[in-house]
Amino acid sequence: MRTRRLGATGIEVSAYCLGTMMFGRNGNRDPDECARMVHRALDAGVNFVDTADVYGYSEAEEIVGAALEGRRDEVVLATKFSGPMGEGPNRSGGSRRWIMRAVEDSLRRLRTDYIDLYQIHHPDPDTDIEETLSALTDLVRAGKVRAIGSSNLPAERIVEAQWVSERRSLHRLRTEQPTYSILNRGIERDVLPVCRRYGMGVLVWGPLSMGLLTGRYRRGAAPPDNARMRWVPRHLTDEAKLEAVDRLLPVAEDAGMPLTHLAMAFATTHPDVTSAIIGPRTEEQLADLLAGATRTLDDEVLDRIDEIVPPGTDLGPLDVSYTPPAITTPMARRRPPNSRAAA
């Protein structure tokens, strides 16, 4: 497995990162099989593992922590915070109060005394980014965190965070974790160029587009009744995306590879992508993804993909993507009724 420099951190990470969102109650409930997947990925040369406190409501971190016993030094370990971790208004977000609690909980579950990469899982529009960066800076200085990053942050928020860090002499966000796949290429337009400008590493999630790029979901066929279908139904039944899958299957066949390998090779081909996150639920899925690690796409194949999904294009939103309040809150787009008239 080839390694690449993770932005300006000086850390070398594998081109594939093992994601653990499917570990625990939301995916694979067998901790022994999950541990075997961790070991198999490490044995294959993967040295980068990404998890989050909310995955499986903390189960994923516990599984990863147990699996890494005796192998912790081999791994660049990343986790995330800010998602809701219980009832009450102060058990989520980017406040100093919650960050200091969340990091201790993650360290305990992961059975380690430091986290290599600690990431803001989702933007927190109600917390000043200076508050968040100040708390994260203190964690780096205390040795509990080696580097800090973000996930799902829009380009303009990345720029704001970099500006605040420079002005206030705080540690900079060194990485960003956005969604990226053949079907969702919007970050090519803004997020990736911004990350390049600031020397940030990029680890992308969803390179298989939440399962669409496995070929299991097809136009005119009844979708499987599984947890993923209940989780992201709009995405998995989107006609434009399903049509693109139909057109991508012969591209993969002509290239002599399954669609999953085509999708992963596409994600790792972009020069601004450091590592692509694989999120297997079973050992069989992991084996298939690892088997495709040596695949490459020539310019002819990439040109055909560009014809199906033009660069910088999102064929449609993901059900789980971050949407800013300016879009989700109607009154953020509408003046009060008594002041809407232009005259």
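**Ground rules.** I worked on a predicted model, where local features need pLDDT of at least 70, side-chain atom pairs count only at pLDDT 80 or more, and totals for chains, interfaces and linings use all residues. Residues are numbered from 1 along each chain as its sequence is written, and side-chain values use heavy atoms, with hydrogens and water left out.

**Largest pocket.** I began with open space: a pocket is an open set of points on a 1 Å grid over the protein atoms alone, with protein on both sides within 12 Å along at least five of seven lines, and its lining residues have an atom within 4 Å of a point. The largest pocket holds about 1,200 Å³. I found 42 residues lining the largest pocket, with M21, M22, M210, R228 and W231 the closest to its centre. For volumes, grid points are joined across faces, edges and corners, and the space filled by probe spheres set on the points is taken. I then asked which elements give at least two residues each to this lining. Among them are α7 (227-231), α10 (259-269), β10 (275-278) and α11 (283-291). Helices (H or I, at least four residues) and strands (E, at least two) are DSSP runs, numbered from the N terminus. I sorted the lining of the largest pocket into 19 nonpolar, 18 polar and five charged residues. Here Ala, Val, Leu, Ile, Met, Phe, Trp, Tyr, Cys and Pro count as nonpolar, Asp, Glu, Lys and Arg as charged, and the others, Gly among them, as polar.

**M210.** I came back to M210, one of the residues closest to the centre of the largest pocket. M210 sits in the loop between β9 (201-204) and α7, and its phi is near 55°, a positive value in a residue other than glycine. M210 counts as buried because its relative accessibility is 7% (buried is under 20% relative accessible area, exposed over 50%, partly exposed in between, with a 1.4 Å probe and protein chains only).

**R111.** I noted a phi near 55° for R111 too, again positive in a non-glycine residue. R111 belongs to the loop between α3 (96-110) and β6 (115-120). Buried or exposed? R111 is exposed, at 51% relative accessibility.

**Second largest pocket.** I got about 570 Å³ for the second largest pocket. It has 24 lining residues, and T179, I187, D314, S321 and Y322 are the closest to its centre. Its lining divides into eleven nonpolar, seven polar and six charged residues.

**Cavity.** I counted one cavity of 30 Å³ or more, and the largest cavity has a volume of about 70 Å³. Its lining includes G93, G94, H122, D124 and R157. By class, that lining has four nonpolar, five polar and two charged residues.

**Helix pair.** The axes of α9 (residues 239-254) and α12 (residues 299-308) come within 10 Å and cross at roughly 170°. I therefore logged α9 as roughly antiparallel to α12 (angles over 145 degrees, taken between N-to-C directions of lines fitted to C-alpha atoms over the stretch in contact, on a scale from 0 to 180 degrees). Residues in the contact (heavy atoms within 4.5 Å) include A244, R247 and D254 of α9 and V301, R304 and E307 of α12.

Definitions and conventions
1 Å grid on protein atoms, 1.4 Å probe; cavity = no way out; pocket = protein on both sides within 12 Å on 5 of 7 lines; lining within 4 Å. Parallel < 35°, antiparallel > 145°, perpendicular 65-115°, else oblique.
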